[in-house]
Structure formats: structure tokens, C-alpha cells
Amino acid sequence: MKIIDKFEKRAIPDLPVERFEGRIIVIQGIGEAQRAVDYLLNCPCVGIDTETRPNFRPGPMHPVALLQVSTPDICFLFRLNQIGLPACLIRLFTDEHVQKIGLSLQDDWLQLRKRKEFQPVNYVELQNYVKPLGIVDMSLQKLYANIFGKKISKNQRLTNWEADVLTEAQKVYAATDAWACLRLHSEITEMLISRDYKLIRTLDDDFIS
């Protein structure tokens with residue numbers, strides 16, 4: 001039986017850190033993007049996430065700078081601040097056969113559509129998908145801790161995603177977020193099918209809010 005252990009918020013920093021160990025490919029040209037999408041269109045499902053340069057002063061948000069699309073063993077990092085939103089990516093977003101998995105996907109779609117209009121199809125919002133399990137902790141870090149007992153580090157979240165060259169730490173952070181969505185979807189699907197799980201609840205209101 002799978003035990004879903006609801007870690008309190010203050011306990012998450014002490015968990016072992018999870019990180020994507022597969023291949024990370026940074027996409028900085030249209031030709032590279034087209035080849036990456038051709039590969040992704042042959043995958044049954046992919047994990048998706050985005051990163052945006054933080055704005056520390058009042059004013060409009062920066063455009064989304066990075067799109068992460070992950071398979072179980074390869075993650076492509078599309079540098080949208082350099083290539084925009086090319087037609088090949090819109091082809092992926094609107095493909096009926098490739099399932100797109102993400103968390104807070106409506107926010108990601110909204111920011112991506114500010115670059116170019118499209119209507120995404122065949123996608124799964126993990127925040128809705130997990131509800132039948134009885135879990136109410138909807139952040140990626142909390143959800144991953146609940147399901148796998150590991151921590152998704154958020155140390156790179158507020159770094160400059162429009163930098164000329166991404167650091168290795170940024171690459172791993174970005175890839176891990178997209179890959180984690182894919183892994184969560186696979187695990188949750190198995191649990192929903194088997195119904196062989198037990199949710200350990202907590203009285204920590206700060207944690208379950």
C-alpha cells in the first residue's frame with residue numbers, strides 16, 4: 001500500500017532533495033526548436049513548466065523567458081526570450097495526441113499566450129487531478145513531498161531567467177520542475193487505478209491551507 005505522508009511545511013526543508021538526472025538540452029534557435037518538437041510529438045505525454053524573470057519593482061511582468069518540456073529522461077529548455085514562441089511549439093501545444101502535464105497550467109498558458117495566441121488541447125492540471133486522493137496541498141513542493149517524501153528545491157526561482165547563459169543550477173531547477181509534474185502524474189494515475197493508498201492527515205492548518 002502507498003502511504004501518502006502529509007509532511008508539515010516546516011519539515012519539508014529536512015527532506016532529501018530531488019533533482020532531474022536525465023539529459024538537459026537548451027534550445028536557443030528555431031531549427032533546434034523544430035527538431036526538439038519533432039521528437040516530443042512522438043511522446044505520449046510530457047511535463048511542462050515555465051520560468052519568468054522576476055520583477056522586484058512595481059510595474060508590468062516580464063514576458064515568460066523559459067519553457068521546460070520534459071520526458072522521463074530528456075528535458076528541453078526553450079529560451080523564449082531568444083526565440084519567441086515559434087510555430088513548432090504552438091504545434092506541440094495544440095497536438096491532440098501528446099498529453100501535456102503541469103501544475104498551475106492555466107497560469108503558464110496565459111503567459112505563453114501573451115507571446116502568441118493559441119488554444120492548448122489535451123492537457124492535465126495536476127491541481128485538479130490530485131483532488132480525488134484527498135490531498136489539498138497544491139504547490140509542487142508540497143505535493144511532491146506528500147507523494148514521494150522528497151523536496152523540490154526552489155532556490156533558483158527568483159534568479160534571472162533572461163541571462164545570456166543559464167547556470168547549471170538554473171538548468172537543473174527548471175528541468176526538475178517539468179519532470180516532477182510528469183512523475184507525479186504517473187504515480188497519481190497508478191494510485192487512482194489501484195486505489196491502494198492511505199492518506200495520513202495532519203492537524204497543521206498552515207500546512208494544509
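Which element supplies the largest share of the lining of the largest pocket? The largest share, 4 residues, comes from E4. The views below show a predicted model, in which local features need pLDDT of at least 70 and side-chain atom pairs count only at pLDDT 80 or more, while totals for chains, interfaces and linings use all residues. Residues are numbered from 1 along each chain as its sequence is written, and side-chain values use heavy atoms, with hydrogens and water left out.

**View 1. The largest pocket has a volume of about 630 Å³.** Among the 22 residues that line the largest pocket, Asp 49, Thr 50, Glu 51, Asp 108 and Arg 157 are the closest to its centre. Strand E4 (45–52), helix H4 (105–113), helix H6 (140–148) and H7 each contribute at least two residues to this lining; helices (H or I, at least four residues) and strands (E, at least two) are DSSP runs, numbered from the N terminus. A pocket is an open set of points on a 1 Å grid over the protein atoms alone, where a 1.4 Å probe fits, with protein on both sides within 12 Å along at least five of seven lines, and lining residues have an atom within 4 Å of a point. A volume is the space filled by probe spheres set on the points, which are joined across faces, edges and corners.

**View 2. The second largest pocket has a volume of about 190 Å³.** Its lining includes Val 17, Glu 18, Arg 19, Tyr 173 and Asp 177. H7 gives the most to this lining, with 5 residues, and both E2 and H7 supply at least two residues each.

**View 3. Glu 18 and Arg 183 form a salt bridge, their closest N and O atoms being 3.1 Å apart.** Glu 18 lies in strand E2 (residues 17–18) and Arg 183 in helix H7, so the pair ties together parts that are 165 residues apart in sequence. A salt bridge is a side-chain nitrogen of Lys or Arg within 4 Å of a carboxyl oxygen of Asp or Glu, and by this rule the count comes to 8. Glu 18 is buried, with a relative accessible area of 11%, whereas Arg 183 is partly exposed, at 33% (buried means under 20% relative accessible area, exposed over 50%, partly exposed in between, with a 1.4 Å probe and protein chains only).

**View 4. Leu 184 lies in helix H7 (residues 168–194).** At 0% relative accessibility, Leu 184 counts as buried. Not counting residues up to four places away in sequence, Leu 184 touches Leu 126, Leu 140, Leu 143, Tyr 144, Ile 147 and Phe 148, where contact means heavy atoms within 4.5 Å.
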